[in-house]
Number of protein chains: 2
Amino acid sequence: MAADPTPLAELRRRLAEVTDLERTSMLLAWDQEVTMPPAGAEWHAQQRATIERLAHERFAADRVGELLAAAEPESALDEDLLRVTRRDFDKARRVPAELVEQLVHAGATGHEAWARARAASDFALFEPHLRRNVELRRRYVACFPEVERRYDALLDDHEPGMRTAQAQDVLERLRDGLVPLVDAAGPADDALVQGGPFPVEAQRRLVETVLRQVGADERRWRLDDAAHPFSATISPGDVRLTTRYAPDDLDALFCALHEFGHGLYEANVDPALARSPLGSGASSAVHESQSRLWENMVGRSAGFWRWCLPHLQAALPERFAGRTWQDVHRAVNVVRPTLIRVSADEVTYGLHVVLRFELELGLFEGDLAVADLPAAWAERMRAYLGLAVPDDAHGVLQDVHWGEGLFGYFPTYALGTILSGQLWAAVRAAMPDIEEQFARGEFGALAEWLAEHVHRHGRRLDPAQVVERAAGGPLDPGPYLEYVRAKLEAASARLIA
Amino acid sequence: MAADPTPLAELRRRLAEVTDLERTSMLLAWDQEVTMPPAGAEWHAQQRATIERLAHERFAADRVGELLAAAEPESALDEDLLRVTRRDFDKARRVPAELVEQLVHAGATGHEAWARARAASDFALFEPHLRRNVELRRRYVACFPEVERRYDALLDDHEPGMRTAQAQDVLERLRDGLVPLVDAAGPADDALVQGGPFPVEAQRRLVETVLRQVGADERRWRLDDAAHPFSATISPGDVRLTTRYAPDDLDALFCALHEFGHGLYEANVDPALARSPLGSGASSAVHESQSRLWENMVGRSAGFWRWCLPHLQAALPERFAGRTWQDVHRAVNVVRPTLIRVSADEVTYGLHVVLRFELELGLFEGDLAVADLPAAWAERMRAYLGLAVPDDAHGVLQDVHWGEGLFGYFPTYALGTILSGQLWAAVRAAMPDIEEQFARGEFGALAEWLAEHVHRHGRRLDPAQVVERAAGGPLDPGPYLEYVRAKLEAASARLIA
């Protein structure tokens, strides 16, 4: 193999190879959920572990450190590449390989234990595994002794640069704004979009129609079914969405729009950043702002339903013939506290997340014991949503994250929701007629605004810079709270009228 | 990472990793043909090149040579592993990396040029690329100066241990046996299975029924559509077949049975050989014997159609209601010379392959110039099949192999066909009632016989040993010629009666 002319060129080549391995791992993950025959699971796990180990080894190698020290940037892009890569490299080298292996193993074991415990609705079956995950994550945190607060080390993995103090501040303001809105919400009537029968094949055609209209053309995108919907961007030319159809609700449509938001972000990153650490989304929260914007600000808007109603009626005439877009718009916007996060509406969702964030803080910085999680969960569920938790399956066992040893991720759901409110306010300021555009089936101007202000930068900008530039200020729950308040007021006005 | 206790253990770990990479590359190839959105092609090629380069680098590494020198076998299995791995390693190290890169690049360029030339039916567009491929392959051959004949080096890549002299001998005997049979074949009447309309969805259900019956259960197998059908075994628990449906013929069924034969071979390799160089089929010819056995000896047998007829009638009632299994059996066994190899029947197929083999010999050992290929092709097509070649697309440009720089592969199609005849004779000797079993929809005893005598050994036995043990002697075209002769006689008897 010919020698590279400069350290920078050799580094770029090495990073392209690592990115190829990471994207291949993503393809394997997609394949497992969508196409793999079940008997392939054991071998699949070994193949994926090999790909991931090679990606890690080749990125965290001594040679990469030498190249990072010797590389001389020739452009602003090079400077960004070196800055982000140095940060990633430092994090990758801090954690001993032995601890990484223990984390991976405990995560896999914990996932299985969680699934069994949830099926039995018995936290006791999960507790020892969760204790192990927390203990290992504490050792992980100890690899970063320079952090101000221990939780900072967890949060930084998903939200680079974000500090716990800032997250805590905006999430408290979100919580304090949302709790009174839950109490003020009127009676929920969403019978129109519940219960079915909504034949899956008809829903599938509707979802395909909507995705095509918002911009998921078949040259670059595909849509499949998955038990737990997700998106996977294999390359700038290959974006894969999944959704889940149920015959008794229309969640598949909102789920598809949510994943489209994630996919569009990745698809629109500047192609010049592909095959490098800069070529993906800036953070989990910025990603989530995109998915929630398409799911909610678009998919639950009046403008969207003015366009979509005839398509809904064509797909499901028995239920929707003779109904107005206002009927559908009202039904997909009801507020009703639920025990389950993934079924939550726009008002209550944030409170589910704040609850988890507060419990994680208690585990890693306070004196909350793993054994006390179910009680702490029930207490907050009553305080924030007024609901009694009947069993562990509908409480502390509902999410997979902790079973896999994933801490510091939950808050990004709410931070993303907050950001979606700020971005939506900026979009409406820039394009006051945006809902009129939706009503004509035009979604291209929104996609372009997002590409220009958020997507194209990839990881060249830090998350805080993305927020600052696109939203005109730091993270602020105000616009989101205004957005949901306005919806609730419109709903009460309709009730009174 | 903990040190491995012995060189053998470290070698096994390294080989498992290389196998994981190779199977991942196969998954990427499958994905490209079956699921990838078209705009992903460019990035896919880079990802796959990275995976393949890593597989090659980690296998052909100095460390593997040291381990092979130091490893001490502890069992017969270890001895086989070391023998086969040493042979693979020696071949991998013989070819300079620079030449490998040139071969890969010329193969990709040649493939594109071939596709354009075929679309234009103009050999002149392809000729310079083919010259380049031949030139590079000659340099490849020169890396193996110890071979008796130059073509040996090409053949050995696909048929380890096979010599050109032996291949030439059995293929000449095949040719000399087949040519008179072409002349003796009666008029071909396959109108029953041609022309359609055979709705694709109905065919799909039929193919799924047949595959399930022969043993492709959904836990391990999947079936998809592909423009150029192939099979891909991702792991012992994940076997993927593809076929191609046309509304005017039933080729999809035979194609699926062909790919099932390949898949069943890989699926039945002893799981103890998985994640090692021993864990796949022994050679291209042995593989092809399996695919042709299921496609022809099973799929075109009287016993099969006695079982399958009601399923065919249920799927395609308009055409097949009231017809007998004898009608179908006769129609799927007609002999009719065709210009195109992949459409050839059991009698003429071997002659298409012999033609290509003889031209390859002329290119690499004789004085055949690339420019003279179209004329040489036409001459043999007239001599063996009595057909005039109207244009390059229906002649020298019909196959992809030479465009990709693949030489030495074609003969394995006919060698596999020959072996399928020998195996079928052995199966009938062991189970005289085999077609009665088929007629009852029972295919398990055949699958078990093949697993025991061929599949389970993987690459532990050399191809010649597989042939010797399973067929009771060396490669011999006699049984195959007997098999087709008997079919032709039965057909004439029916014509006379």
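## A residue pair in the sheet

In this predicted model, Trp221(A) stands opposite Val239(A), a residue of strand 3 of chain A.

The chain passes from strand 2 to strand 3 by way of a hairpin, which connects them through two residues.

## The sheet as a whole

Taken together, the three strands of chain A form an open sheet in the order 1-3-2, and the pairing within this sheet is mixed. Strand 1 and strand 2 are the edge strands, each of them pairing on one side only. On average, neighbouring strands of the sheet are turned by 20 degrees against each other when direction is ignored.

## How strand 3 is enclosed

In a regular strand, side chains alternate between the two faces of the sheet. In strand 3 of chain A both faces are covered, with Asp238(A), Arg240(A) and Thr242(A) buried on one side and Val239(A), Leu241(A) and Thr243(A) buried on the other. Because six of the six residues of strand 3 (residues 238–243) are buried, this strand is largely enclosed by the rest of the structure.

Helix 1 (residues 7–34) of chain A lies across strand 1, strand 2 and strand 3, and runs at about 140 degrees to strand 2 of chain A.

Definitions and conventions:
Residues numbered from 1 in each chain as written. Chains lettered and ligands numbered in written order. Predicted model: local features only at pLDDT ≥ 70, side-chain atom pairs only at ≥ 80, totals over all residues. Heavy atoms only, no water. Buried < 20%, exposed > 50% of the residue type's maximum accessible area, 1.4 Å probe, protein only. Helix = DSSP H or I, 4+ residues; strand = E, 2+ residues; numbered from the N terminus. Pairing = 2+ DSSP bridges. Axes fitted to C-alpha atoms, helices over the stretch in contact; angles between N-to-C directions. Contact = heavy atoms within 4.5 Å.
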